[in-house]
Amino acid sequence: LLSGCLSLVCLLLHCSALPFQQRGFWDFGKDIDVRDLMMTMMKDQEEGSAFEEVSPPDHPTCPFGCVCQLRVVQCSDLGLTHVPYDIPPDTLLLDLQCNMITEIREGDFKGLTNLYALVLRNNQISRVHPRAFLPLKRMQKLYMSHNQLTSIPRNLPASLVELRIHDNHIQKVLAGTFSGMGNMHMGRNPLQNSGFEPGAFTGLKLNYLRISEAKLTGVPKGNRGHMSHRYANKLFCIPQLYRGVFSQCQVTHLVCLQKLLGLSFNHIRHIEHGVLSYLPNLRELHLDNNRLSSVPSGLPESKYLQVVYLHSNNISSIGLDDFCPTGFGMKRVFYNGISLFSNPIHYWEVQPATFRCVSERTAVQFGNYKK
């Protein structure tokens with residue numbers, strides 16, 4: 001007993017530390033760093049992902065003012081009003097961010113069949129020709145955040161893995177837009193529930209989807225079950241999560257949500273028992289800044305769950321078995337991050353064995369509660 005008490009004391013000694021931050025997953029709120037993108041591209045190239053050998057041109061060209069090196073063409077911050085000519089056909093990464101481009105035309109990317117990543121963020125793009133991206137048969141990453149688009153571009157390449165199109169003026173999403181998409185960030189667009197056509201999320205097989213800071217009040221009608229979602233909107237109309245939200249994911253055999261479910265900054269008061277059973281592969285669960293009065297049930301049965309954000313709620317007590325299973329053979333991994341700070345918890349009443357399936361003492365954050 002004394003040993004257990006000392007263990008809990010060790011946990012609580014760190015209550016004034018900074019909030020736990022999980023760094024193992026992408027932060028979609030940050031804009032792309034081209035240097036990091038180049039490293040990812042080189043890694044994928046080494047693994048032979050979606051690349052084929054393209055002979056360099058006999059007479060190498062490079063758009064005026066741009067820097068062309070190692071199949072990377074950097075044309076950022078040049079005041080360009082259109083996509084430049086003379087882009088080398090063997091280009092893998094094309095950086096056109098921070099210019100004044102207003103339109104993507106049909107032939108802008110002609111011949112760039114091996115392009116891996118296209119960076120168009122921070123321009124003034126409001127129009128994209130429906131055939132503009134057809135030549136980009138192997139493109140995996142497209143970044144179009146901070147533009148003036150009112151809709152998702154049509155005919156996106158089937159090879160596309162990641163799309164970031166946040167901070168635009170998108171109000172409508174057509175059926176089948178994201179079929180086959182892997183990672184998606186379209187937050188901070190004026191999207192409402194009615195903006196999603198039925199079937200907009202059909203075929204999603206993604207790790208991450210973020211539709212944060214939009215104007216949604218719930219799961220878009222006609223898309224429940226097809227929507228593997230990571231979003232943080234103002235869910236005024238659904239103050240609790242219920243099992244039916246995710247149930248269709250198993251029925252249709254979609255890869256519903258592989259790693260992260262983020263529902264931070266909502267008005268969720270209760271999570272019905274059994275909701276998490278529909279997300280068997282979940283690694284991270286973000287429920288901070290809600291109105292929960294207790295730890296959600298089902299956490300001990302989540303075999304692979306490692307990170308749980310519950311800070312800034314109304315949780316006043318923690319049960320012995322709220323996080324860890326009572327028997328063996330259920331939990332496959334230890335927690336490496338549990339945030340409970342900014343809750344009215346009497347931490348001295350928490351039993352030491354409550355965190356028996358936590359990897360290390362610094363993984364639990366209590367902090368101080370302030371009304």
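## Disulfide geometry

The link of Cys62 and Cys68 is right-handed, with 85 degrees about the S-S bond. This disulfide (a pair of cysteine sulfur atoms within 2.5 Å) has an S to S distance of 2.0 Å. A disulfide is a covalent bond between the sulfur atoms of two cysteines. Cys62 has a relative accessible area of 33% and is therefore partly exposed; Cys68, at 30%, is partly exposed. For these terms, buried means under 20% relative accessible area, exposed means over 50%, and partly exposed lies in between, with a 1.4 Å probe and protein chains only.

## Basis of the model

The model is predicted: local features need pLDDT of at least 70, side-chain atom pairs count only at pLDDT 80 or more, and totals for chains, interfaces and linings use all residues. Residues are numbered from 1 along each chain as its sequence is written, and side-chain values use heavy atoms, with hydrogens and water left out.

## The remaining cysteine pairs

Three disulfides are found in a search of the whole structure. One of them is formed by Cys66 and Cys75, whose sulfur atoms are 2.1 Å apart. The torsion about the S-S bond of Cys66 and Cys75 is about 120 degrees, so this disulfide is right-handed. Cys66 counts as buried at 12% relative accessibility, and Cys75 counts as buried at 0%.

Cys324 is joined to Cys357 by a disulfide with an S to S distance of 1.9 Å. Here the torsion about the S-S bond is about -90 degrees, so the disulfide is left-handed. The pair links distant parts of the chain, 33 residues apart: Cys324 is in the loop between β15 (307-309) and β16 (337-339), while Cys357 is in the loop between β16 and β17 (364-365). Strands such as these are DSSP runs (E, at least two residues), numbered from the N terminus. Cys324 is buried, with a relative accessible area of 1%, and Cys357 is buried at 6% relative accessibility.

## Pairing order

When the bonded cysteines of the protein are numbered in sequence order, the pairing reads 1-3, 2-4, 5-6. Another cysteine, Cys98, counts as partly exposed at 23% relative accessibility.

## Arg164 and its contact

Arg164 lies in strand β8, which covers residues 162-164. Its relative accessibility is 8%, so Arg164 counts as buried. The side chain of Arg164 makes a polar contact with the side chain of Glu162 at 2.7 Å. A polar contact is a pair of N or O atoms within 3.5 Å; within protein, one must be able to donate a hydrogen and the other to accept it, and residues adjacent in sequence count only if both atoms are side-chain atoms.

Methods
Helix = DSSP H or I, 4+ residues; strand = E, 2+ residues; numbered from the N terminus.
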